[in-house]
Amino acid sequence: MKNFEYVRPATIPEAIAAAAQPGAAYLAAGTNLLDLMKGGVARPERLVDVTHLPELDRIERLPGGALRIGALVRNADLAHDRAFAAAYPAVAEALLSGASAQLRNAATVAGNLLQKTRCGYFYDIASACNRREPGAGCDAREGENRQHAVLGWSEACIATHPSDFCVPLVALDAVVEIEGRAGRREVPVEALHRLPGDAPAHENTLEPGDLIVALRLPAEAARFAAHARYLKVRERTSYAFAVVSAAAAIDIAGNTVRAARLALGGVAAKPWRARQAEALLVGVTPDAATFRAVAEAALAEARPSGDNAFKIELARRLVVRALTLAAAGTPARLPALPASPFASQPGALPHA
Amino acid sequence: MSFSISLAVNGVARNVELDDPRVTLLDLLRERLDLPGTKKGCDRGQCGACTILVDGRRINACLALAVSHDGAAITTIEGLAHGDELHPVQAAFIAHDGFQCGFCTPGQIMSAVGLIGEGQAGDDPERIREGMSGNLCRCAAYAGITEAVLEAQRRLAAPEREKAA
């Protein structure tokens with residue numbers, strides 16, 4: 001690991017000033033950053049440790065009902081917060097389906113949002129990667145790419161965003177509060193991450209020095225609490241990134257859908273909100289045929305970036321299953337295997 | 001540049017002078033505090049061999065910078081037993097053959113102590129397996145590990161049940 005200057009600011013303005021310098025990076029838990037630094041993928045000259053900043057580890061209900069979650073709240077603490085999990089159960093399920101218990105105990109809310117792609121060529125510094133080194137090329141295009149993107153990719157980059165947490169967040173219109181050199185601003189999580197285009201290294205809309213200080217979930221998104229699921233297909237039962245994932249949330253009155261939200265993970269360089277597909281659900285009685293039509297619409301623009309055409313049909317089927325389980329109702333207690341699309345007992349319904 | 005940090009390690013106050021900010025909690029414990037019970041497996045947060053408790057929570061010591069944990073209370077495998085009396089999780093691992101080669105065992109045991117403390121899994125084997133998925137065992141002693149955690153969970157939860165009754 002390349003050596004670095006360690007800075008521990010006492011206030012947010014001090015942190016922003018220290019991190020606005022070229023070569024600086026924020027350090028929170030470090031569960032992703034230290035891994036990248038050990039592999040030589042990230043080589044910051046200065047680490048600005050924000051873990052000792054005050055007041056960034058709180059969960060508070062705002063007037064009007066929105067929940068404001070401090071950037072340093074640990075993933076596990078958020079998932080197990082009763083008020084949060086009751087209002088936004090699909091987000092809690094997504095959090096608990098990610099990484100391991102040890103990592104969830106350490107990793108922070110903002111760190112999860114800003115984690116890097118898990119593309120193997122990004123991690124392998126002997127490989128060409130436009131995301132790590134602009135202009136170098138992309139070895140994933142002709143390499144092992146069955147896990148790569150099927151939506152929003154470019155010739156320059158076919159990597160995916162690995163976060164589970166972000167998928168229901170974009171479905172529920174979550175917002176991040178950012179402090180920067182020009183003051184405070186708010187950005188929807190959906191607008192935080194960028195598609196690669198011809199500049200994949202430009203991963204998000206943050207400017208030098210920008211610090212995410214909080215995440216906000218709108219009160220309105222709690223309307224889906226009774227019918228919300230996050231499902232994730234993995235290549236092993238637990239402790240694996242998503243091949244494909246889906247967050248589905250439905251507001252049903254009688255037999256009619258009043259509103260619906262749908263987002264996909266593991267398919268693009270950002271968490272993928274499927275707005276046109278959602279619209280097909282409004283005003284209809286939910287049934288299998290409708291769900292299949294929604295799934296077709298959600299993946300209408302998908303195309304393989306390599307040996308991964310299977311992900312498109314897999315994503316369609318996962319959308320159908322997520323909508324089916326969401327319509328059946330949020331379980332009173334999260335399943336033993338959060339987000340698993342499979343039943344734990346032979347012959348049983350998959351966590352319905 | 002040097003950094004002075006204070007830690008409580010297995011109940012003992014330790015003041016540490018760090019001459020390098022790159023030192024992880026794992027390397028600090030093993031190489032500077034003479035506590036090699038915490039194992040270095042992958043060193044990348046993938047295997048769980050380095051699991052310790054920091055302020056009562058299980059984390060991967062390989063992905064934690066020591067300098068950032070100034071003021072933390074740390075428990076390692078060396079801090080579990082009371083003299084010759086094993087911690088209930090240690091005793092249960094022996095009783096249920098929860099290991100073969102033993103390399104992952106300190107991490108497994110610390111993770112199990114953390115899991116039981118979290119109180120989310122109860123005595124549901126499926127929830128225990130899921131809660132322990134961050135600890136890999138190349139000897140595949142998983143069946144024994146699950147049995148050991150189940151027994152330790154029941155033993156440690158028993159006094160609370162009696163209190164409730």
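Visitor: How many residue pairs are in polar contact between domain 1 of chain B and domain 2 of chain B?

Guide: A polar contact is a pair of N or O atoms within 3.5 Å, where within protein one must be able to donate a hydrogen and the other to accept it, and residues adjacent in sequence count only if both atoms are side-chain atoms. Between domain 1 of chain B and domain 2 of chain B there are seven such residue pairs, both members at pLDDT 80 or more. Strand E3 (residues 51–54) of chain B gives the most to the domain 1 side, with three residues; strands (E, at least two residues) are DSSP runs numbered from the N terminus.

Visitor: What should I know about the model itself?

Guide: This is a predicted model, in which local features need pLDDT of at least 70 and side-chain atom pairs count only at pLDDT 80 or more, while totals for chains, interfaces and linings use all residues. Residues are numbered from 1 along each chain as its sequence is written, and side-chain values use heavy atoms, with hydrogens and water left out.

Visitor: Which side chains meet in a salt bridge?

Guide: A salt bridge is a side-chain nitrogen of Lys or Arg within 4 Å of a carboxyl oxygen of Asp or Glu. Here the count between the two domains is one, and Glu118(B) and Arg58(B) form a salt bridge at 2.8 Å, N to O.

Visitor: How much area do the domains bury between them?

Guide: Buried area is the accessible area (1.4 Å probe) that two parts lose on being put together, summed over both. For domains 1 and 2 of chain B this is about 1,200 Å², 60% of it on carbon and sulfur atoms. In domain 1, Thr51(B), Arg58(B) and Ile77(B) lose the most area to domain 2, together 49% of what that side buries.

Terms used. Chains are lettered from A and ligands numbered from 1 in the order in which they are written. Helices (H or I, at least four residues) and strands (E, at least two) are DSSP runs, numbered from the N terminus.
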